[in-house]
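The sequence and structure come first.

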Amino acid sequence: MYKAVLGDQTVLMEGPTGQIIDVHQTPPPTRNPSHIHVFESGERFSRKVFVGGLPPDIDEDEITASFRRFGPLVVDWPHKAESKSYFPPKGYAFLLFQDESSVQLLIEACIQDEDKLYLCVSSPTVKDKPVQIRPWKLSDVDFVLDASMPLDPRKTVFVGGVPRPLKAVELAMIMDRLYGGVCYAGIDTDPDLKYPKGAGRVAFSNQQSYIAAISARFVQLQHGDIDKRVEVKPYVLDDQMCDECQGQRCGGKFAPFFCATVTCLQYYCEHCWTTIHSRPGREFHKPLGKEGNDRPRTLPFRWC
Ligand SMILES: [Zn+2]
Ligand SMILES: [Zn+2]
């Protein structure tokens, strides 16, 4: 088990919508070696909890009733609103508790088997079926592998399609094993529930590892039960100057284009993009937009 030893350190990182996130690292709580639980007191959790392996005939009201003793909650599953089904179709659901303290109570009521948590739930036909309860620890959202390295957004990749239970430490280890030089990994979460959205960021300490990762484009993430091909691309920032003219040919505006082709790997203003990419061998390069904006940016045919 790797663990970066951190003091009280504040790391600034640009978030997916361009805002600066204050990634505040607090020192890990003192561990009590005789404590067998993986979930320690004082741990913070998302109010959203995954529950899997439900009895097939359990409906929304019965799921709610099974967990209501921990506090007010809403039951949800992917595409619930569209499907109008009363039963979670794949045997799993999410419990959205009103209060984080409900998650603590739920965890305390669970049976622990190795690193998994179970609670017995009944449906009209199945009595006391152990279902898996998977809470999301807020401390799993980011991980610093090498605190001596500054986080360089220009050596950061965006990883799309991350399986939701993957922790930042696991993402960091997988990418470090594949490309080396990982100094930081973060899992993107939604601001309200602080639950993973299925994407992450990995920062490298050196250009070679960064280029190796983006050149691969896809990575096979393997960890425990997880085996999934995910997309890797450069993390594109909104506030960078054109690397060619440093803003001189575009009135000092931030560069609207990033070329992810390894021979370029630069930000460009419109003027410089057109100039550089009229050179032989570069005419087929395509600008990469920020993630979440999958539509390729259209390039103007003329500029003045
Ligand atoms: Zn320029
Ligand atoms: Zn290019």
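## First sheet

Leu117 has Ile133 as its bridge partner in strand 8. The two strands concerned, strand 7 and strand 8, run antiparallel and are joined by 5 bridges. The model is a predicted one.

Which residues of helix 3 (residues 100–109) are buried? They are Ser102, Val103, Gln104, Leu106 and Ile107. An α-helix has 3.6 residues a turn, so residues three or four places apart point the same way. The buried residues of helix 3 pack against strand 3 (45–52), strand 4, strand 5 (92–97), strand 7 (116–121) and strand 8 (129–137), and also against helix 1 (60–67).

Another open sheet has 6 strands in the order 9-11-12-10-14-13, with antiparallel pairing. Its edge strands are strand 9 (142–144) and strand 13, each of which pairs on one side only. The twist here averages 25 degrees from one strand to the next.

Strand 10 (residues 156–160) and strand 12 (residues 196–204) run antiparallel and are joined by 5 bridges. Within this pair, Phe158 has Arg201 in strand 12 as its bridge partner. Strand 13 (residues 218–223) pairs with strand 14 (residues 226–234) over 6 bridges, again in the antiparallel sense. Leu221 is bridged to Lys228 in strand 14. The hairpin of strand 13 and strand 14 has 2 residues between the strands, and in this hairpin Gly224 takes a positive phi near 55 degrees.

Helix 4 lies across strand 9, strand 10, strand 11 (182–189), strand 12 and strand 13, running at about 135 degrees to strand 11. Helix 5 (residues 207–216) lies across strand 10, strand 12, strand 13 and strand 14, and its angle to strand 14 is about 110 degrees.

## Nonpolar cores

The largest nonpolar core has 43 residues. Val157, Leu171, Ala172, Met175, Ala185, Val202 and Tyr268 have the most contacts inside this core. Helix 4 (residues 168–179) supplies the largest share, 7 residues. A second, separate core of 23 residues includes Ala93, Val103, Leu106 and Trp136.

What does Val202 touch, leaving aside residues up to four places away in sequence? Its contacts are Thr156, Val157, Val159, Leu171, Ala172, Met175, Val182 and Ala185.

Most residues other than glycine have a negative phi, and most peptide bonds are trans. His79 has a positive phi near 60 degrees. This residue lies in the loop between strand 4 (73–76) and helix 2 (80–83). His79 counts as exposed because it has 9 C-beta neighbours inside 10 Å, and the cut-off for exposed is 12 or fewer.

Leu265 is not a glycine either, and its phi is positive at about 45 degrees. The loop that holds Leu265 runs between strand 15 (257–259) and strand 16 (266–268). Is Leu265 buried or partly exposed? With 16 other C-beta atoms within 10 Å, Leu265 is partly exposed.

## Whole chain and confidence

The chain contains 6 helices and 16 strands. Of its 304 residues, 31% are buried. Among contacts between residues at least 6 apart in sequence, 62% join residues at least 24 apart.

The mean pLDDT of the chain is 83, with 81% of residues at 70 or more. Over residues 1–38 the pLDDT is below 50, and this stretch has 43 contacts in the model beyond near neighbours in sequence. Residues 292–304 also stay under 50, with 15 contacts beyond four places in sequence. Where pLDDT is low, the predicted coordinates should not be read in detail.

Technical notes:
Residues are numbered from 1 along each chain as its sequence is written. Chains are lettered from A and ligands numbered from 1 in the order in which they are written. This is a predicted model: local features need pLDDT of at least 70, side-chain atom pairs count only at pLDDT 80 or more; totals for chains, interfaces and linings use all residues. pLDDT is the predictor's confidence in each residue, from 0 to 100. Two residues are in contact if their C-beta atoms, placed from the backbone, lie within 7 Å. A nonpolar core is a set of buried Ala, Val, Leu, Ile, Met, Phe, Trp, Tyr and Cys residues joined through C-beta atoms within 7 Å. A residue is buried if 20 or more other C-beta atoms lie within 10 Å of its own, exposed if 12 or fewer, and partly exposed in between; C-beta atoms are placed from the backbone. Helices (H or I, at least four residues) and strands (E, at least two) are DSSP runs, numbered from the N terminus. Two strands pair if DSSP finds at least two bridges between them. Axes are lines fitted to C-alpha atoms, for helices over the stretch in contact, and angles run from 0 to 180 degrees between N-to-C directions.
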